[in-house]
Amino acid sequence: MALTACGTRQDTVDRDTNLRQLRNPSGTPEEFAIVPPKPLEVPETLAQLPQPTPGGENRTDQTPLKDAVAALGGAPSRLDPQPGIGAGDQALVAQVSRFGRQPDIREDLAVADQAFRERRSLFNWRLVPEDTYNRIYRPQTLDPYASLEAARRAGALTPSAPPE
């Protein structure tokens, strides 16, 4: 019994790594993940076929947003990600980065978050599995009613909220 306590189960490692378990743990197919593709179309010449992009879009993938924009007479290509910062967001980015910005902030935060979770998981085991994300970050959550009261005391106009 002492030796079994030293090992780890793979699904426990996956759950702690991903924080939230978004996969189907039963091993059966997920019926809502099956989406029928668009019908295949053969172009007039095979030279019109795009180069294969592993992991990229497929011509038969469903694109409901682009299809809706095209049906309403818009340009679906405007939904494709564009390089750089859009014209509507440039003022916001300039205001937020007025004191400088760190281009690799996501990588730094990921490393700091991993170290934080590892520190919190030392000598911390449970008989009943619990959502790791909520357990680790519970002390850092805001109390919405205290924040609402603070905003009201400061004179901010706030909408009504459901009772506690």
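Arg78 sits in the loop that runs between helix H2 (64-71) and helix H3 (90-96). With a relative accessible area of 72%, Arg78 is exposed. Keep in mind that this is a predicted model. The protein chain averages a pLDDT of 79, and 79% of the residues score at least 70.

**Around Arg78 and Lys66**
- Arg78 and Lys66 are 12 residues apart in sequence, and their C-alpha atoms are 8.9 Å apart in space.
- Lys66 also has a salt-bridge partner, Asp80, with the closest N and O atoms 2.4 Å apart.
- Asp80 belongs to the loop between H2 and H3 while Lys66 belongs to helix H2, so this pair ties together parts that are 14 residues apart in sequence.
- Asp80 has 30% relative accessibility, so it counts as partly exposed.

**The other salt bridges**
- The count comes to three salt bridges.
- Lys38 pairs up with Asp67 in a salt bridge, and here the closest N and O atoms are 3.5 Å apart.
- That pair links distant parts of the chain: Lys38 is in the loop between H1 and H2, Asp67 is in helix H2, and 29 residues separate them.
- Both ends come out as partly exposed, Lys38 at 25% relative accessibility and Asp67 with a relative accessible area of 35%.
- Arg152 forms a salt bridge with Glu149, with 3.7 Å between the closest N and O atoms.
- Arg152 is partly exposed at a relative accessible area of 36%, and Glu149 is partly exposed at 38%.

**The aromatic pair**
- Phe116 and Tyr137 have ring centres 5.7 Å apart and planes at 35°, so the pair counts as tilted.
- Phe116 is in helix H4 (residues 105-121) and Tyr137 is in helix H5 (residues 132-137), so the pair links distant parts of the chain, 21 residues apart.
- Phe116 counts as buried because its relative accessibility is 17%, under the 20% cut-off.
- Tyr137 is buried too, at 15% relative accessibility.

**Where the confidence goes up and down**
- Among the elements of the protein chain, helix H1 (residues 10-18) has the lowest mean pLDDT, at 51.

Terms used. Residues are numbered from 1 along each chain as its sequence is written. This is a predicted model: local features need pLDDT of at least 70, side-chain atom pairs count only at pLDDT 80 or more; totals for chains, interfaces and linings use all residues. Side-chain values use heavy atoms; hydrogens and water are left out. Rings of Phe, Tyr and Trp (its six-membered ring) pair if their centres lie within 6.5 Å; planes under 30 degrees apart count as stacked, over 60 as edge-to-face and the rest as tilted. Helices (H or I, at least four residues) and strands (E, at least two) are DSSP runs, numbered from the N terminus. Buried means under 20% relative accessible area, exposed over 50%, partly exposed in between (1.4 Å probe, protein chains only). pLDDT is the predictor's confidence in each residue, from 0 to 100. A salt bridge is a side-chain nitrogen of Lys or Arg within 4 Å of a carboxyl oxygen of Asp or Glu.
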